[in-house]
Amino acid sequence: MTSPLYQASVPVLTQMLTALSGVLQKAEAHVVAKNIDPSALLQARLFPDMFPLVRQVQIACDFAKGISSRLAGAEVPSWPDSETTFAELQALIAKALAHVGSFQPEQFAQSEGREIVLRPGTPKEKKLSASAYLLHYGLPQFFFHVTTAYDLLRHNGVEIGKRDYMGAY
């Protein structure tokens, strides 16, 4: 039997990262069609104290790799988050999809009993059960950043809708 935490993580992360890639493709086509400087979208923010689009995508990918790695009991890889173009963001999403897709359901078999420690050894250290981590921290964070990326693009005139956000399921 496939682990419920695998079912609630890997397919969901894959669906939403794939959809995010599609939304970014439409954004890139939009800047070309409208003769807009790509950095206008890549550095767009909903409010001055929020991260720009580039960082929203990077953080979504960070959560995807972190969630899948932690639940599988694997080391979370460190990536530099140095992307500045649509092509580099697409490569980052492809790398995140490959990482998430590298895990097999069997690796999640014991994840229900696993304790997840966030920010170990710091004053902000937090210990959570794997299910609490996934359902109350990891997925909400992931969806926040995917949604914010979508909202930034929609707010800036990219013609995308709910079907684009959801992707194929």
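How are H2 and H4 oriented to each other, roughly parallel or roughly antiparallel?

Modeller: Let us begin with helix H2 itself. In this predicted model, H2 covers residues 10-33, which amounts to 24 residues. From its first C-alpha to its last, the helix reaches 35 Å, close to the 34 Å expected at 1.5 Å a residue. After H2 comes Asn35, a residue with a positive phi, near 55°.

We may now turn to its partner. Helix H4 is formed by residues 53-72, and it packs with H2 at an angle of about 160°, the axes of the two helices lying 11 Å apart. Angles over 145 degrees count as roughly antiparallel. H2 and H4 are therefore roughly antiparallel to each other. The crossing in which H2 passes H4 is left-handed. On the side of H2, the contact is made by Leu13, Leu17, Leu20 and Leu24; on the side of H4, Leu53, Val57, Ala60, Cys61, Ala64, Ile67 and Ser68 take part. Of the residues in this contact, ten are nonpolar, one is polar and none is charged.

H4 also packs with a further helix, H6, which spans residues 130-155. Here the angle is about 160° and the axes are 9 Å apart. H4 and H6 are therefore roughly antiparallel to each other, and H4 passes H6 in a left-handed crossing. The residues of the contact between H4 and H6 comprise 19 nonpolar, six polar and one charged.

Terms used
Residues numbered from 1 in each chain as written. Predicted model: local features only at pLDDT ≥ 70, side-chain atom pairs only at ≥ 80, totals over all residues. Heavy atoms only, no water. Helix = DSSP H or I, 4+ residues; strand = E, 2+ residues; numbered from the N terminus. Expected span 1.5 Å × (residues − 1). Axes fitted to C-alpha atoms, helices over the stretch in contact; angles between N-to-C directions. Parallel < 35°, antiparallel > 145°, perpendicular 65-115°, else oblique. Left-handed = near helix turned anticlockwise from the far one by under 90°. Contact = heavy atoms within 4.5 Å. Nonpolar A, V, L, I, M, F, W, Y, C, P; charged D, E, K, R; others polar.
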